[in-house]
Amino acid sequence: SLKLCLKVSLRKLNHVCLTVPITAVLVFVLLKLLARVNRRGGVDGVGRAVLVTGCDSGFGHQLAGALDQKGFVVFAGCLSPDGEGAQNLIRESSGNLKVLKLDVTKEEEVQRAKKTVQENLPEKGLWAVVNNAGVSDWAEIEWSNVEDFHSMADINLFGAIRTAIAFLPLVRAAKGRMVFVSSIFAFFHCLNMAAYSVSKRGLEAFADCLRVEMASFGVKVSIIQPGNFSGATNILKTKTALDLWVKLDEDRKKIFNRRYVEVAHDYFKSTCTTGFKTAEPVVTAMMHALTSTRPKSRYLLVSALDTVFFKLYPLLPTVLADSVFCFSSMYRTRLLDTFWELFVFYFEHELDYFEINQVKKF
Ligand SMILES: NC(=O)c1ccc[n+]([C@@H]2O[C@H](COP(=O)([O-])OP(=O)(O)OC[C@H]3O[C@@H](n4cnc5c(N)ncnc54)[C@H](OP(=O)(O)O)[C@@H]3O)[C@@H](O)[C@H]2O)c1
């Protein structure tokens, strides 16, 4: 009877071991499906306005067109309203899209844009602001000065903060949305991207704090984190290895030799040929953030394979996260060059020593 008792208990245990995980998986899948169904449907554009900054080109330009097609009243902030990008927007959109002169680094332009928006609001008010305007550049920290960091933050970080603070009362009144276009470089601390990373990490800190503060007012805040879309936008401005080289003083030229600067330059030039060729995934994510009843707080926009890497990367211990860069061609070149310079230095000094001793002997 003890044997029988044991057999029954084991069978029960087996049963529990199988049913508990299966039920857990089923509940998880069901909840995910329910969340997806809930996310469908959403906000329509009729009677609602959206302000998008940086619409001369890239994501902002395409989003402005897409919002116009959805029936939103669009205020498209452009750096150059007479430029080709802004003029194309006007030509290709309905009368509901208005181009505004908006340099986000200038308080008076932001206030003027706010006045125009307030005077032209549709009945449901200003539904959202998409803080998209931005610039990018690359350089090692030692090749930069504080002004390089300052000018990047002025547009990417303080430009977005200035715009958000100015338009927040209107968005709060509509219980609407604030969207911030960040980057994977907000959490991926890659070589040569310090100034950009500083501006985007600061931007995410601001957006995260705003989300918490705005939750009780019904305003939802989303962060868009695109990967490499340089082929689909104008974000990478051309700069030659020589442009960088002439900026370096003599001491730096000895440490960061010409070959290394050229390797770094070629690396960034080659990124233009890789990555996404269309801005569609980013525009779709922005649309979701603006129109879904349950927008996400973060949208990571990288390839399926990179998604696994970028989701894991922030969880890695620092020593492992940093070692990722050992695989980069820039890093390897620097290591080899440093090794070579040490070797040459040692060899020259040994030679000096040898020559001195030979002279002494005579
Ligand atoms: N493309 C990517 O791979 C990528 C990846 C991650 C994040 N992002 C982010 O995505 C956002 C949009 O960039 P994009 O990729 O679409 O590049 P883009 O084509 O260069 O668009 C950026 C826009 O911002 C404008 N702008 C620059 N300075 C401004 C200022 N002071 N005030 C107002 N507007 C200004 C630019 O005008 P001009 O054309 O006249 O300079 C341009 O229209 C940026 O925040 C960028 O950091 C892009």
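## Basis of the model

Residues are numbered from 1 along each chain as its sequence is written. Because the model is predicted, local features need pLDDT of at least 70 and side-chain atom pairs count only at pLDDT 80 or more, whereas totals for chains, interfaces and linings use all residues.

## The ligand shell

The ligand is surrounded by 29 residues, of which the closest are Gly-54, Asp-56, Gly-58, Gly-134 and Thr-233; a residue belongs here if its C-beta atom, placed from the backbone, lies within 6 Å of the molecule. The shell comprises 11 nonpolar, 16 polar and two charged residues, where Ala, Val, Leu, Ile, Met, Phe, Trp, Tyr, Cys and Pro count as nonpolar, Asp, Glu, Lys and Arg as charged, and the others, Gly among them, as polar.

Helix H2 (residues 58–69) supplies the largest share of this shell, namely three residues; helices are DSSP runs (H or I, at least four residues), as are strands (E, at least two), numbered from the N terminus.

## H2 against H11

H2 also packs with helix H11 (residues 280–291), at an angle of about 55° and with the axes 10 Å apart; axes are lines fitted to C-alpha atoms, for helices over the stretch in contact, and angles run from 0 to 180 degrees between N-to-C directions. The two helices are therefore oblique to each other, given that angles under 35 degrees count as roughly parallel, over 145 as roughly antiparallel, 65 to 115 as roughly perpendicular and the rest as oblique.

Phe-59, Gln-62, Leu-63 and Ala-66 of H2 make the contact with Val-282, Val-283, Met-286 and Met-287 of H11, contact meaning C-beta atoms, placed from the backbone, within 7 Å. Seven of these residues are nonpolar, one is polar and none is charged.

## H6 and its two partners

The axes of helix H4 (residues 107–119) and helix H6 (residues 158–173) come within 10 Å and cross at roughly 30°, so H4 and H6 are roughly parallel to each other. Glu-107, Val-110, Gln-111 and Lys-114 in H4 meet Arg-162, Thr-163, Ala-166 and Phe-167 in H6, a set with three nonpolar, two polar and three charged residues.

Helix H5 (residues 146–156) packs with H6 at about 25°, their axes being 3 Å apart, and H5 and H6 are therefore roughly parallel as well. Here Ala-153, Asp-154, Ile-155 and Asn-156 in H5 meet Phe-158, Gly-159 and Ala-160 in H6, and the contact divides into four nonpolar residues, two polar and one charged.

## The annotated span

In the model, residues 12–31 are 100% helix and 0% strand, and their end C-alpha atoms lie 28 Å apart.

Conventions:
Two residues are in contact if their C-beta atoms, placed from the backbone, lie within 7 Å.
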